[in-house]
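Hi,

Here is the structure I promised to pass on. Have a look at it first, and then read my notes below.

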Amino acid sequence: MIGKDQDIHEDQELYNKTYKMDDMHNMEEAEEARLPNAQELSKEELLLELVSCQEKLSEKEEAYNSLFQQLQRLQADFDNYRKRVVKERQELRCMAAREIIEDILPVLDNIIRAVEAGKQKGDLESFLQGIQMINEQLWGALQKHGLRPVDCLGKEFDPEVHQAVAQCETHDEQDNMVLEEIRRGYYLNDKLIRPSMVKVSKNS
């Protein structure tokens with residue numbers, strides 16, 4: 001009886017081993033059957049991803065080219081604008097200089113006439129009167145373009161508009177007062193273009 005049970009048990013173990021081996025073999029075959037499909041699917045996914053990347057790269061390149069062309073146009077526009085501004089400034093300077101010269105030319109004509117008249121007549125008084133008239137004419141032309149003198153005589157010294165070149169000791173004036181104008185200063189359209197050279201009092 002014992003021998004029979006042992007034979008049954010051995011047969012059962014053999015059956016189980018055979019069954020497990022068959023199962024493992026079937027699983028390996030199934031895995032091998034699935035593996036090519038997985039590899040093929042992976043390749044398809046890679047191809048799709050590659051195509052997508054190429055499309056995105058193409059879009060980026062198109063956007064870059066568009067931005068680069070816009071930058072080139074902006075650069076060209078800026079260069080043209082800069083050249084136009086330089087040209088307009090030159091034209092404005094020429095026009096301003098022309099207006100001043102046109103106003104001064106009559107003064108130059110009168111200077112030439114005064115010199116010629118002084119040579120012929122030899123009348124010093126008439127010559128000086130002519131020079132005085134020319135000076136007034138010239139000053140009127142310059143005032144027309146915004147020139148005016150710096151007021152300094154009898155004023156307190158102002159380093160912003162006065163340049164002290166000498167001092168004079170005196171008891172008749174307050175300290176630091178302008179006693180004498182050595183060279184006249186000028187404003188052009190309310191902007192100082194040359195300070196007045198002056199002699200200043202020093203009350204010791």
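Asp 190 is exposed, as its relative accessibility is 63% and the cut-off for exposed is over 50%. Asp 190 makes a salt bridge with Arg 148, and their closest N and O atoms are 3.2 Å apart. That pair connects distant parts of the chain: Asp 190 sits in the loop between S4 and strand S5 (191–194), while Arg 148 belongs to strand S1 (residues 147–149), 42 residues apart. Arg 148 itself is partly exposed, at 36% relative accessibility.

Before you go further, please keep in mind that this is a predicted model. The mean pLDDT of the protein is 79, with 78% of its residues at 70 or more. The part to be careful with is residues 34–39, where pLDDT stays under 50 and the model has zero contacts beyond four places in sequence. Where pLDDT is low, the predicted coordinates should not be read in detail.

Back to the charged pairs. The count of salt bridges comes to six. One of them joins Lys 144 to Asp 103, with 3.5 Å between the closest N and O atoms. This pair also links distant parts of the chain, since Lys 144 is in helix H2 and Asp 103 in helix H1, 41 residues apart. Lys 144 is exposed, with a relative accessible area of 61%, whereas Asp 103 is partly exposed at 22%. Another salt bridge is formed by Asp 151 and Lys 155, whose closest N and O atoms are 3.7 Å apart. Here Asp 151 counts as exposed at 52% relative accessibility, and Lys 155 is partly exposed at 38%.

Now the rings. How many aromatic pairs does a search of the whole structure find? There are two. In one of them, the ring centres of Tyr 64 and Phe 68 are 6.2 Å apart and the planes are at 15 degrees, so this pair is stacked. Tyr 64 and Phe 68 are four residues apart in helix H1, which means that about one helical turn separates them. Tyr 64 is exposed, with 55% relative accessibility, and Phe 68 is partly exposed, with 39%.

The other pair is Trp 139 with Tyr 186: the ring centres are 5.9 Å apart and the planes are at 50 degrees, so the pair is tilted. Trp 139 lies in helix H2 (residues 124–144) and Tyr 186 in strand S4 (residues 186–188), so their pairing ties together parts that are 47 residues apart in sequence. Trp 139 is partly exposed, at 22% relative accessibility.

There is a nonpolar patch on the surface too, formed by Ile 101, Leu 105, Leu 108, Ile 111, Ile 112 and Val 115, with about 490 Å² of accessible area together. Val 115 is located in helix H1 (residues 2–121) and is partly exposed, its relative accessible area being 34%.

What does Asn 203 contact, leaving aside its neighbours within four places in sequence? Its partners are Thr 170, His 171, Glu 173, Gln 174 and Asp 175. Glu 173 is 30 residues away from Asn 203 along the chain, yet their C-alpha atoms are separated by 7.1 Å. Asn 203 is partly exposed, at 34% relative accessibility.

Cheers

Terms used. Residues numbered from 1 in each chain as written. Predicted model: local features only at pLDDT ≥ 70, side-chain atom pairs only at ≥ 80, totals over all residues. Heavy atoms only, no water. pLDDT = per-residue confidence, 0-100. Contact = heavy atoms within 4.5 Å. Patch = residues over 30% accessible without salt bridge, like charges linked within 9 Å, V, L, I, M, F, W, Y side chains within 5 Å. Areas by Shrake-Rupley, 256 points an atom, 1.4 Å probe, with all protein chains shown as cover. Salt bridge = Lys/Arg side-chain N within 4 Å of Asp/Glu carboxyl O. Helix = DSSP H or I, 4+ residues; strand = E, 2+ residues; numbered from the N terminus. Buried < 20%, exposed > 50% of the residue type's maximum accessible area, 1.4 Å probe, protein only. Phe/Tyr/Trp six-rings, centres within 6.5 Å; stacked < 30°, edge-to-face > 60°.
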